[in-house]
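These are my notebook entries on one protein chain, kept in the order in which I looked things up.

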Amino acid sequence: MLESLGITKDLIADIIINIGSIVVLFVIVKKLAYKPVKKFMDERTVRVMAEKSQAESLKAEAQEQLQKYNALLTECETAKSDAIKEGEMQAHKESEKIIANAKKTAEEIVNKANVKAQEKYSRAIEEANDYIVNLTIDASSHLLKREITDEDNKKIVEEFLKSADGDKNA
């Protein structure tokens, strides 16, 4: 029956030999190639997992460093803001001191000017009194040169007052 299909005993023997060769070849390949390749792949898997774990730890460390950097940056910003506020307060205090010193100096200058003006006024009054005294003496000396009547006295007083008023206006 197999012969009608064209299958002979030699063909069956060749198929059995080929199947046996394939099984032997499979066993040899499994023993010689599969185990080393599997071992290599397992080692590679372990190495990749270790590198992945290391990368994750580096990533976590980088995140931690980033948080520290951000905290430090925030701290620096706060310190900068505090330093600016302190500088502004110090400048304000200095400006108040300068203004107070300027006011004090201005008051001293005004007081000195008032004292000088008072002194000039006092000297002017003294000079005016001296002038009036001199005028009185001059008027008296004119009067004494001749005999004085009541009319002469009135005239002299009027002239004296006119001359004193004229000097004040002049």
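**Confidence.** I began with the scores: the mean pLDDT of the protein chain is 85, and 86% of the residues reach at least 70. I keep in mind throughout that this is a predicted model.

**Make-up of the chain.** I then looked up the secondary structure, and found three helices and zero strands in the protein chain, so that the order of elements from the N terminus is α-α-α by the run-based assignment. Helix α2 covers residues 9-145, and I return to this helix in the entries below.

**Burial and surface.** How many of the residues count as buried? I find that 4% of the 170 residues of the protein chain do. I also recorded the accessible surface of the protein chain, which comes to about 15500 Å², with 61% of that belonging to carbon and sulfur atoms.

**Salt bridges.** As a reminder to myself, side chains of opposite charge can pair when their charged atoms come close.

Another entry concerns K68 and E64, which form a salt bridge with an N to O distance of 3.6 Å. These two also lie in helix α2, four residues apart, about one turn of the helix. K68 is partly exposed at 49% relative accessibility, and for E64 the relative accessible area of 42% puts it in the partly exposed class too.

For E77 and K80 I noted a salt bridge of 3.4 Å, N to O. What is the spacing of E77 and K80 in helix α2? They are three residues apart, and therefore separated by about one helical turn. E77 counts as partly exposed because its relative accessibility is 41%, a value between the limits of 20% and 50%; K80, at 46%, is partly exposed as well.

**Patches.** Turning to the surface, I looked for clusters of like charge and found that K112, K116, K120 and R123 gather in a patch of positive charge. One of these residues, R123, has its place in helix α2, and with a relative accessible area of 47% it is partly exposed.

Which residues make the nonpolar surface patch? I listed L11, I15, I19, V23, F26 and V27, which together make a patch of about 530 Å². Of these, I checked L11 in particular: L11 is found in helix α2, and its relative accessible area of 36% makes L11 partly exposed, which means that L11 passes the patch requirement of over 30% relative accessible area.

Note on methods
Residues are numbered from 1 along each chain as its sequence is written. This is a predicted model: local features need pLDDT of at least 70, side-chain atom pairs count only at pLDDT 80 or more; totals for chains, interfaces and linings use all residues. Side-chain values use heavy atoms; hydrogens and water are left out. A salt bridge is a side-chain nitrogen of Lys or Arg within 4 Å of a carboxyl oxygen of Asp or Glu. Buried means under 20% relative accessible area, exposed over 50%, partly exposed in between (1.4 Å probe, protein chains only). Accessible areas come from the Shrake-Rupley method with a 1.4 Å probe; for residues, only the protein chains shown count as cover. Patches are made of residues with over 30% relative accessible area and no salt bridge: like charges are joined within 9 Å, nonpolar side chains (Val, Leu, Ile, Met, Phe, Trp, Tyr) within 5 Å. Lys and Arg count as positive and Asp and Glu as negative; His and the chain ends are not counted. The place of a charge is taken as NZ of Lys, CZ of Arg, CG of Asp or CD of Glu. pLDDT is the predictor's confidence in each residue, from 0 to 100.
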